[in-house]
Amino acid sequence: MSEQHIQTIRGFRDILPEQMAFWQKIEQEAIHVFRCFGYEEIRIPVVERTRLFSRSIGETTDIVEKEMYSFEDRNEDKITLRPEATASICRSYIQHKMYSVDPVRKFFLIGPMFRRERPQKGRYRQFYQIDAEVFGISSPYIDAELIFLLHTLFQRLGLTGLTAHINSLGCSECRPVFQKKLLEFIGDQKENFCEVCTRRMEKNPLRILDCKVETCKKALQGAPATQDCLCDACRNHFHQVQEALSKQNIPFEVDNSLVRGLDYYTRTAWEIQTTALGAQSAVAGGGRYDGLVEELGGPATPAIGFAIGFDRLVEIMEQIYPEKDLPSQDLFIVALGEAAMEKAYHLSCDLNLAGIKTRTDFRGKSMKSLMKRANKLNAGHVLIIGENEIENGQAVLRNMDTKEQVLLSLDDGLASEIQKQIR
Ligand code: AMP
């Protein structure tokens, strides 16, 4: 019996070099936009203590109940692969007492997250997020800035049909009023709700609003909206967010059913939807979490953030731009014989350092097969160094588009002569 090759674990995947073009493009655009808006990059561990997530995300959320990769370390510490970035960034903000120097900080993070979800198209157990978090500012202008920033980034990437779905979840003062009203509405028709919602009624009734089960959705028709119960401060805050977005011409809709899955959200919550793939789909979500820093042991600090689904965004880009640019080389050196290969080796190092993407081949192949390889690598120019060329101290530089050829001298000035010819 032949030995089975070891494969990736279910829900995990390789992202291969030929898939990287969009990953890199998105990352570069994101970093550019973040820099323009004064966000600083932060990198944090992928593993944290389990209780960081259970305390912040919420014991009864899907993530904490079912989806975390949690282990006992060899000394029985309970640790978890991060399912999201917000809690860890809060931990870092508190641990390094960043607030004592300047409570206002704006961070971004790009990296993998881990959730043990049912693997399906577009959902992975290791997936990537582009994350932003702002600490120390309660002003609605920051809520608007984050939504504007997302909109700008997606527009620069060519996404169309963008709409921000926004809602306000209220604060510790007005949310209990809403929860009470909602439970009163549900009253004695509890049996119309799914089992999960029945549990939510006790622990976090707000999350009943985004249940996807049809019977629950139906039973919720006519239910009160969070906005009906907002206190004056929350109502004003939400109003100002909307005003700012309107003035910036950001398309948005107030969506009463948008509550986001996690416990720590307060006030503004949003999702950015695009119709780039035909049907509407969410590419990013975010919200305020004004109580979380204090809940995790830091000083009372307003905070807000978002996460972009990087994998989802790449899929969208692949559909929008089916014609991928083929990776190309500036120069391929066809080197025939030992002396030519030695020359090609040193020359390719010099040219690569000078920013000319140069490849060669040391396998001692024939002229014909090396020319084939140059074509396959999509080389703009080919430099041919054969035995005759070495004897004559010359090499042939061929432009692969125009087929024009020039003779170059194989002396110390060759690298700079090639740069002149190619640029
Ligand atoms: P969340 O942190 O759940 O608000 O998700 C933010 C974004 O991350 C979503 O809009 C998704 O596009 C993406 N996302 C969440 N979970 C997964 C997953 N398992 N696989 C791929 N993308 C995900």
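**Note on strand 7 and the overall fold**

1. Start with strand 7. T163, H165 and N167 point one way from the strand, while A164, I166 and S168 point the other way. All of these residues are buried. The model is a predicted one. In a regular strand, side chains alternate between the two faces of the sheet.

2. Strand 7 covers residues 163-168, and six of its six residues are buried, so the strand is largely enclosed by the rest of the structure. Buried here means under 20% relative accessible area.

3. Which strands pair with strand 7? Strand 9 (residues 266-277) is joined to strand 7 by six bridges, and the two run antiparallel. In this pairing, H165 stands opposite E271. Strand 8 (residues 252-254) pairs with strand 7 in the parallel sense, over three bridges. Here I166 stands opposite V254.

4. Now the whole chain. The protein has 16 helices and 16 strands. Its radius of gyration is 28 Å, well over the 22 Å that the globule rule gives for 423 residues, so the protein is more spread out than a compact globule. Along the principal axes, the C-alpha atoms fill a box of roughly 95 × 65 × 45 Å.

5. Of the 423 residues, 48% count as buried. Among contacts with a separation of 6 or more, 70% involve residues 24 or more positions apart.

6. Last, surface and charge. The accessible surface comes to about 22300 Å², and carbon and sulfur atoms hold 48% of that area. There are 54 positive and 59 negative charges, and their mean positions are 3 Å apart.

Conventions: Residues are numbered from 1 along each chain as its sequence is written. This is a predicted model: local features need pLDDT of at least 70, side-chain atom pairs count only at pLDDT 80 or more; totals for chains, interfaces and linings use all residues. Side-chain values use heavy atoms; hydrogens and water are left out. Helices (H or I, at least four residues) and strands (E, at least two) are DSSP runs, numbered from the N terminus. The radius of gyration is taken over C-alpha atoms; the globule rule is 2.2 Å times the number of residues to the power 0.38. Buried means under 20% relative accessible area, exposed over 50%, partly exposed in between (1.4 Å probe, protein chains only). Contact means heavy atoms within 4.5 Å. Accessible areas come from the Shrake-Rupley method with a 1.4 Å probe; for residues, only the protein chains shown count as cover. Lys and Arg count as positive and Asp and Glu as negative; His and the chain ends are not counted. The place of a charge is taken as NZ of Lys, CZ of Arg, CG of Asp or CD of Glu. Two strands pair if DSSP finds at least two bridges between them.
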